[in-house]
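This note is written for a colleague who is meeting the structure for the first time. Please read the points below with the sequence and the model at hand.

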Amino acid sequence: MELQINGTTREVQAEADTPLLWVIRDELGLTGTKYGCGIAQCGACSVLVDGTVIRSCVTPASSMVGHKITTIEAIESDPVGERVVAAWVKHQVPQCGYCQSGQVMAATSLLKQTPHPNDTQIAAAMINLCRCGTYNAIRAAVHDLAGSGADDATALTGSHARPATLASAGASPEAGERS
């Protein structure tokens with residue numbers, strides 16, 4: 001089957017029901033997209049399909065034929081993605097960084113669909129899990145991009161802090177990467 005990934009049409013040999021994540025990582029060698037929980041809960045495997053975020057760990061590769069797939073490797077070729085990455089750097093969002101490619105994809109999708117999201121919209125869209133708890137920095141970066149001026153992470157502590165971990169989502173933090 002042929003998949004359009006990062007602006008290039010690629011011929012892949014995977015079985016039709018192979019999750020897109022494994023085609024991206026194992027067959028195409030684009031390892032920026034991470035394996036986290038494998039059940040579409042943590043968001044480490046997030047990619048954009050036609051500009052909208054999806055979980056690639058549960059998406060059959062064959063269902064992506066005819067769609068435009070964007071991985072973290074090409075996110076800065078998108079004007080919104082480029083701004084998100086710059087905000088991530090400005091706000092020093094990543095700690096261990098494992099989930100951050102998925103977080104960047106979720107933020108890019110949100111801002112492409114809703115350029116000026118309010119706090120409720122940000123909370124609804126930014127549901128990826130982070131073992132390091134970078135939620136306040138993520139929220140500050142998205143607010144900064146939304147033009148809401150709430151780029152001070154200390155102003156966003158409290159009710160928006162999410163103590164969620166992979167373990168609390170039922171996923172093993174030891175899951176690591178396949179292959």
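The numbered points below go from the overall fold to the helix packing, the aromatic rings and the backbone.

1. The model is predicted. Its protein chain contains five helices and five strands. Followed along the sequence, these elements come in the pattern β-β-α-β-β-β-α-α-α-α.

2. Burial and contacts. The protein chain has 179 residues, and 46% of them are buried. Among contacts in the chain with a separation of 6 or more, 58% are between residues 24 or more positions apart.

3. Helix H2 against helix H5. Helix H2 covers residues 79-90 and helix H5 covers residues 135-146; their axes come within 9 Å and cross at roughly 130°. An angle of that kind lies between the cut-offs of 115 and 145 degrees, and H2 and H5 are therefore oblique to each other. The crossing of H2 past H5 is right-handed. On the H2 side, the contact involves Arg-83, Val-84, Ala-87, Trp-88 and Lys-90, while H5 contributes Ile-138, Ala-141, Val-142, Asp-144 and Leu-145. By class, seven residues of this contact are nonpolar, three are charged and none is polar.

4. Helix H2 against helix H3. H2 also packs on helix H3, which spans residues 100-113, at an angle of about 130° and with the axes 9 Å apart. H2 is thus oblique to H3. Here, too, H2 makes a right-handed crossing. The residues that H2 brings to this contact are Val-80, Gly-81, Val-84, Val-85 and Trp-88, and they meet Gln-100, Gln-103, Val-104, Ala-107, Thr-108, Leu-111 and Lys-112 of H3. The contact of H2 with H3 comprises seven nonpolar, four polar and one charged residues. A reader tracing H2 will find Val-84 and Trp-88 in the contact with H5 and again in the contact with H3.

5. The aromatic pair. How many aromatic pairs does a search of the whole structure find? The search gives one. The pair consists of Trp-22 and Tyr-35, whose ring centres are 5.3 Å apart; the ring planes stand at 35°, so the pair is tilted. Trp-22 belongs to helix H1 (residues 20-27), whereas Tyr-35 lies in the loop between H1 and strand S3 (46-49). The two residues are 13 residues apart, and the pair links distant parts of the chain. Are Trp-22 and Tyr-35 buried or exposed? Both are buried.

6. Positive phi at Asn-6. Most residues other than glycine have a negative phi. Asn-6 is a residue other than glycine, yet its phi is positive, near 55°. Asn-6 sits in the loop between strand S1 (2-5) and strand S2 (8-11). Its relative accessible area is 25%, so Asn-6 is partly exposed.

7. Positive phi at Ala-40. Ala-40 likewise is not a glycine and has a positive phi, of about 65°. The loop between H1 and S3 holds Ala-40; Tyr-35 of the aromatic pair is in the loop between H1 and S3 as well. Ala-40 has a relative accessibility of 21% and therefore counts as partly exposed, the cut-off for buried being under 20%.

Conventions. Residues numbered from 1 in each chain as written. Predicted model: local features only at pLDDT ≥ 70, side-chain atom pairs only at ≥ 80, totals over all residues. Heavy atoms only, no water. Axes fitted to C-alpha atoms, helices over the stretch in contact; angles between N-to-C directions. Helix = DSSP H or I, 4+ residues; strand = E, 2+ residues; numbered from the N terminus. Parallel < 35°, antiparallel > 145°, perpendicular 65-115°, else oblique. Left-handed = near helix turned anticlockwise from the far one by under 90°. Contact = heavy atoms within 4.5 Å. Nonpolar A, V, L, I, M, F, W, Y, C, P; charged D, E, K, R; others polar. Phe/Tyr/Trp six-rings, centres within 6.5 Å; stacked < 30°, edge-to-face > 60°. Buried < 20%, exposed > 50% of the residue type's maximum accessible area, 1.4 Å probe, protein only.
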